[in-house]
Amino acid sequence: MKQKARWFLLLSTSLLLGSCSWFNNAVEIYDESEASSSEQVSSSAGHSANDDASGDSQSSQSSPEAESDTDDEASESSSSEVTSALTVADYFPLTTGYASEFAGTGNEYASFSRTYDYIEDDTIYMRTNNGGTSVLEMVEVTEDAVRVVYTQPEYYAHEKIDAAALIDPENTETLLEGPIALGQSWETGLGTTREITAIGVPMSTQNGLYDTIEVTEDTGDFVNKEYYAAGVGLVYASSESTDPDAPYTVVQDLAELSTEGWAEPVSVYYPVAKDGYTQANESVNITTNDDMTAAFTSLFQSENDSRPQLLPADAAIQSLTTETNEETFEKTLYVDFSSGITALADDEWGMQKLNSIMASLKSYYNADYIEPRIDGDPIEIDGLVGLNEANPVFEIPESVMNASMIEE
C-alpha cells in the first residue's frame, strides 16, 4: 500500500509541483489523473486577507452568461480594475507557520497535509504528505510568477537542504503567471498551458467561503481547474477525465488551515527492559524556520509515568545535518551532542537510552546511517561506546529498530 501511495503522490506532484524530469515518464493514468489531484494542495494561509478582498472581487465576477454585450464588457473591465493592484504573489503568499489539511475524494490517496517548513527570501520549502509518502517542493514566489524549482521525493523530516546546486533552470514548472487578468495564459514547462478562466468565483470549502480566481489546464485527457484566493492560496481544485467511457474525477478542498505552526509527529523508541524496546507516537510543536535540535532536546528530556527521560538534563543536541551519497543515495545523519550526554555512563540504563535516542533520530530522518559526535568529535562514553574517525557509525541493534509500537 505504501508503494501505491508513493506513486500517487510523486506522480501527481510532477504535474503540480514537480521539477524532476523522471516524473514526466510515469504511467499515463497516474501522470494525468492523479497528478491533478495533487495540484489542489498548492496553497498558502491568510483567511483574513481573503475576507478583505472578497467583497470587491465578488462584485467583479466574470461570467459567460451575462445578459448583454455591455454587461460582459463592464464585468471584464471591473475584474481588471479590481485585480490590477493584486499580483501573483498575493495568490501564493509566503506565510510563516502555514499548515493545512486538504480533504480529497476520487482516490484513496487524494487527501494531503502540507507545511511550510522554511521560507528563505522568495522561496518556500513545502512538505506534502498523503499518509503513504512525503515529498519536498521548493517553490519560488515573485510578483510575476510562481514556479517549482526543485522536487525531492521520500522527504519526511522538517529539514532544510542546500539545493542550490541541484536546481536546473531549464526544468521548472510555472504554477501561476501574471498579470492577474481574465484570459491570461502561460506555458507550464511540462508541455501544457494554463489560463485564468474566471475572476471573482465564490468557492465553498470545508474551511469556509472564499472569493477566487479560476485557473484551467487541459491536458487532453483531463481538465484541471484550480481556485486560488488572494491572501490564502489554492483552496479548491478538480480534475475530470475527458473520456466519456472512462469517467474519473478527483476533488480536493481546504479542510483545515493554521498559521501558528503544527504538531510534528515523531516516533520515539524507549527501553522497557535491558534488552527490550518499544515505540511511541509523540509530537513536538514547531513552526516555519524552526530548528529541530531544540525540539528533540526537549522531547528526549521529557518523561512521564510510563516513559523514561532519555537525555540527561545537562545535555543538548547542538546540530543535526544530513548528507546523501550521490551514487548510492544512502543518507547519513550527523548529530552533535554537548558533553552532558556523557552522564549516561553513570545511568544503569545508559546504553538502552543511547540506543533509543539514536534509533529515534535515525527513524525520523529516514537515514541509513547515523554518526554521533560530542562537540565535534566522534562520540565516546565510558563503558558504553567509543567511536573514532575510522569507525564513526553508530550501530543500532536490530531489537531496537524492530520494536513494536505502543497502542494508545
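**Entry 1: T205**

I began with T205, which is buried at a relative accessible area of 10%. Buried means under 20% relative accessible area, exposed means over 50%, and partly exposed lies in between, with a 1.4 Å probe and protein chains only. I am working with a predicted model, where local features need pLDDT of at least 70, side-chain atom pairs count only at pLDDT 80 or more, and totals for chains, interfaces and linings use all residues. Residues are numbered from 1 along each chain as its sequence is written, and side-chain values use heavy atoms, with hydrogens and water left out.

I found T205 in strand β8, residues 193-205. Helices (H or I, at least four residues) and strands (E, at least two) are DSSP runs, numbered from the N terminus.

Next I asked which residues T205 is in contact with, leaving aside its neighbours within four places in sequence. They are Y210, V235, Y236, D253 and L254, where contact means heavy atoms within 4.5 Å. V235 is 30 residues from T205 in sequence, but their C-alpha atoms are 7.2 Å apart in space. I also noted that a polar atom of the T205 side chain lies 3.0 Å from the backbone nitrogen of N207.

**Entry 2: the cores**

Then I looked up the largest nonpolar core and noted 44 residues, with F296 and L361 having the most contacts inside it. A nonpolar core is a set of buried Ala, Val, Leu, Ile, Met, Phe, Trp, Tyr and Cys residues joined through side-chain atoms within 4.5 Å. Among the elements that each supply at least two residues of this core are β13 (262-273), α5 (292-301) and α6 (350-364). α6 gives the most, with six residues. Another core, of 36 residues, lies apart from it, and L254 is among its members.

F296 touches V266, I317, L320, L361, Y364 and Y365, leaving aside its neighbours within four places in sequence.

**Entry 3: α5 and α6**

How do the axes of α5 and α6 cross, and at roughly what angle? I noted roughly 140 degrees, with the axes coming within 12 Å. That makes α5 oblique to α6. Axes are lines fitted to C-alpha atoms, for helices over the stretch in contact, and angles run from 0 to 180 degrees between N-to-C directions. Angles under 35 degrees count as roughly parallel, over 145 as roughly antiparallel, 65 to 115 as roughly perpendicular, and the rest as oblique.

On the α5 side, M292, F296 and F300 meet I357, S360, L361 and Y364 of α6. An α-helix has 3.6 residues a turn, so residues three or four places apart point the same way.

Is α5 largely enclosed or open? Seven of its 10 residues are buried, so α5 is largely enclosed by the rest of the structure. The cover over these buried residues includes β13, β14, β15 and α6. At the start of α5, a side-chain oxygen of D291 comes within 2.9 Å of the backbone nitrogen of T293.

**Entry 4: two loop residues**

R307 sits in the loop between α5 and β15 and is buried, with a relative accessible area of 10%. Its side chain is joined to that of E282 by a polar contact of 2.7 Å. A polar contact is a pair of N or O atoms within 3.5 Å; within protein, one must be able to donate a hydrogen and the other to accept it, and residues adjacent in sequence count only if both atoms are side-chain atoms.

My last stop was D382, in the loop between β19 (380-381) and β20 (385-386). D382 counts as exposed, at 68% relative accessibility.
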